[in-house]
Amino acid sequence: MTNAFDFAPLLPPNLPPPAVRWTGAAKYNFTGGNNDADAVPVEALIAAATSALKREGRNLATYGLTTGPQGYRPLREFLVGKLKRDASIDCSADDILLVSGSLQALDLVNGALLARGDTVICEQDTYQGTLTRFMRLGVKAIGIPLDRDGMRMDALAAALEDGKRRGVRPKMIYTIPTVQNPTATILSEARRAELLGLAERYGVPIFEDDCYSDLIWDGKRPPALYAMSKAGNVIHCGSFSKSIAPALRVGFLVAPWAILSRMLPLKTDAGSGALEQLVLADYCAPNFTAHVPALRQALRAKVETLMETLNEQFGTAAEFDDPKGGIFLWVKLPDSVDTMKLYQAALKEGVAINPGPEWSTDAKHSGARLRICFASPSKQQIREGIAILAEVCRREFGVPTRSANVERARA
Ligand SMILES: Cc1ncc(COP(=O)(O)O)c(C=O)c1O
């Protein structure tokens with residue numbers, strides 16, 4: 001092939017920048033939402049695949065198997081029980097749409113609600129995949145600051161009132177209330193009630209992205225916003241990515257039919273992968289409740305290694321809160337550190353981090369912050385990778401100072 005054809009003049013405007021060819025993962029990879037490879041329940045998944053295929057294999061001849069466009073019904077039925085038990089959500093299998101990861105849920109919700117020029121509200125520090133989608137759609141995202149208990153309701157009230165004064169009604173409040181990405185905060189039940197009250201008062205729906213809610217260390221979570229809402233103005237999404245494995249690409253939406261019926265026609269892929277849904281249905285019913293605490297324990301052990309190593313290597317230069325769950329630590333370095341530059345320099349040494357500005361609506365606030373995924377690297381990789389990161393940071397920005405580091409390490 002000569003590669004001579006020029007596609008460039010044919011490309012529509014507003015395409016994202018071209019992809020860079022993948023050249024392999026960094027040796028020390030603290031990026032993305034990858035999970036702990038040792039915690040994937042491989043043997044039980046093999047057994048589930050075998051039993052599911054023996055029973056349902058012939059149904060693969062039909063698009064959507066035989067249970068319709070909302071996805072494999074036994075998996076939806078598992079979710080009905082799980083959501084009731086864990087999140088206090090009362091719903092039926094007909095309220096659930098299985099999707100290709102919660103990323104597809106984001107696309108469907110955005111597709112049903114957003115048009116260029118719209119305004120949305122989200123947490124100030126939030127999921128990059130959401131921010132890039134808003135940007136691409138030409139939607140203005142107003143970031144609401146967080147504190148240790150999640151999105152600040154005083155700031156949300158002020159933003160909604162300010163919008164009203166200017167005649168702007170946000171199309172939705174996108175929130176990750178339960179183990180927020182990247183801050184790992186959990187919105188308290190009282191704040192959830194406040195959020196619902198504000199959303200109702202200003203006529204704004206809420207999109208609740210709940211994919212980390214299984215990963216709270218003590219397993220105790222507040223009820224979902226979807227469960228607490230009396231106005232039917234909440235769309236809920238979840239995922240098996242963080243509780244089982246992200247490469248499966250199975251997520252789910254729970255929503256009133258009034259809006260689910262507008263999202264379903266936008267799901268134009270003739271159904272998400274059926275094999276994954278079959279395997280999950282057979283795996284989850286008998287195994288999910290025992291699997292998740294074991295996963296949490298493995299993740300907790302890793303974050304302890306990470307926090308310990310950061311303290312040793314960065315001393316007081318690295319500020320962070322002990323997270324209540326999840327797979328990320330959101331770390332603040334001294335203001336003199338530019339994590340976009342640190343990211344580039346560290347990558348050259350084989351250490352990949354997520355620089356703060358890519359996870360925030362406010363580049364200034366997040367300029368010295370970084371997100372570290374601790375789930376996928378081994379404890380040894382965490383120790384080695386963070387030591388290299390500290391060395392690179394010291395070389396590039398003069399922090400942490402060597403003496404502080406040595407003192408800390410001896411303490
Ligand atoms: C907040 C949030 N939403 C959605 C996703 C997408 O997850 P998936 O499509 O794998 O379910 C992620 C992944 O990291 C996430 O952090």
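A contact is a pair of residues with heavy atoms within 4.5 Å. With that definition, residues 24 or more positions apart account for 74% of the contacts in the chain with a separation of 6 or more. The model is predicted: local features need pLDDT of at least 70, side-chain atom pairs count only at pLDDT 80 or more, and totals for chains, interfaces and linings use all residues. Residues are numbered from 1 along each chain as its sequence is written, and side-chain values use heavy atoms, with hydrogens and water left out.

**The whole chain**

The chain has 13 helices and 14 strands; helices (H or I, at least four residues) and strands (E, at least two) are DSSP runs, numbered from the N terminus. Its C-alpha trace spans about 65 × 60 × 60 Å along the principal axes. The radius of gyration, taken over C-alpha atoms, is 22 Å, which agrees with the value near 22 Å for a compact globule of 411 residues under the rule of 2.2 Å times the number of residues to the power 0.38.

Next, colour by accessibility. Of the 411 residues, 51% count as buried; buried means under 20% relative accessible area, exposed over 50%, and partly exposed in between (1.4 Å probe, protein chains only).

**Glutamine 70**

Select glutamine 70, in the loop between α1 (42–56) and α2 (73–87). Glutamine 70 is buried, at 12% relative accessible area. Leaving aside neighbours within four places in sequence, its contacts include Arg76, Asp94, Asp95 and Trp257.

**Phenylalanine 240**

Move to phenylalanine 240, in the loop between β9 (234–239) and β10 (251–254). Its relative accessible area is 2%, and phenylalanine 240 is therefore buried. Not counting residues up to four places away in sequence, phenylalanine 240 touches several residues, among them Phe78, Phe252, Cys284 and Phe288.

**Alanine 141**

Alanine 141 lies in strand β4 (residues 140–144) and is partly exposed, with a relative accessible area of 27%. Beyond four places in sequence, alanine 141 touches Val120, Cys122, Phe134 and Thr361. Its C-alpha atom is separated by 8.7 Å from that of aspartate 118, 23 residues apart along the chain.

**Cysteines**

Show the cysteine sulfur atoms. The structure holds zero disulfides, a disulfide being a pair of cysteine sulfur atoms within 2.5 Å. The sulfur of cysteine 211 is 6.7 Å from the closest cysteine sulfur, in cysteine 237, too far for a bond. For cysteine 91 the closest cysteine sulfur is also in cysteine 237, 14 Å away, again too far for a bond. Both cysteine 91, at 14% relative accessible area, and cysteine 211, at 9%, are buried.

**Backbone geometry**

Finally, display the backbone. Most residues other than glycine have a negative phi, and most peptide bonds are trans. A cis peptide bond joins asparagine 181 and proline 182, with omega about 15°; proline 182 is in the loop between β7 (173–175) and α6 (189–201). Valine 179, found in the loop between β7 and α6, has a positive phi of about 65° and counts as buried at 2% relative accessibility.

The peptide bond from valine 399 to proline 400 is cis, with omega near 0°, and proline 400 sits in the loop between α12 (379–397) and α13 (402–410). The last stop is asparagine 14, in the segment before β1 (28–29). Asparagine 14 has a positive phi of about 70° and is exposed, with a relative accessible area of 52%.
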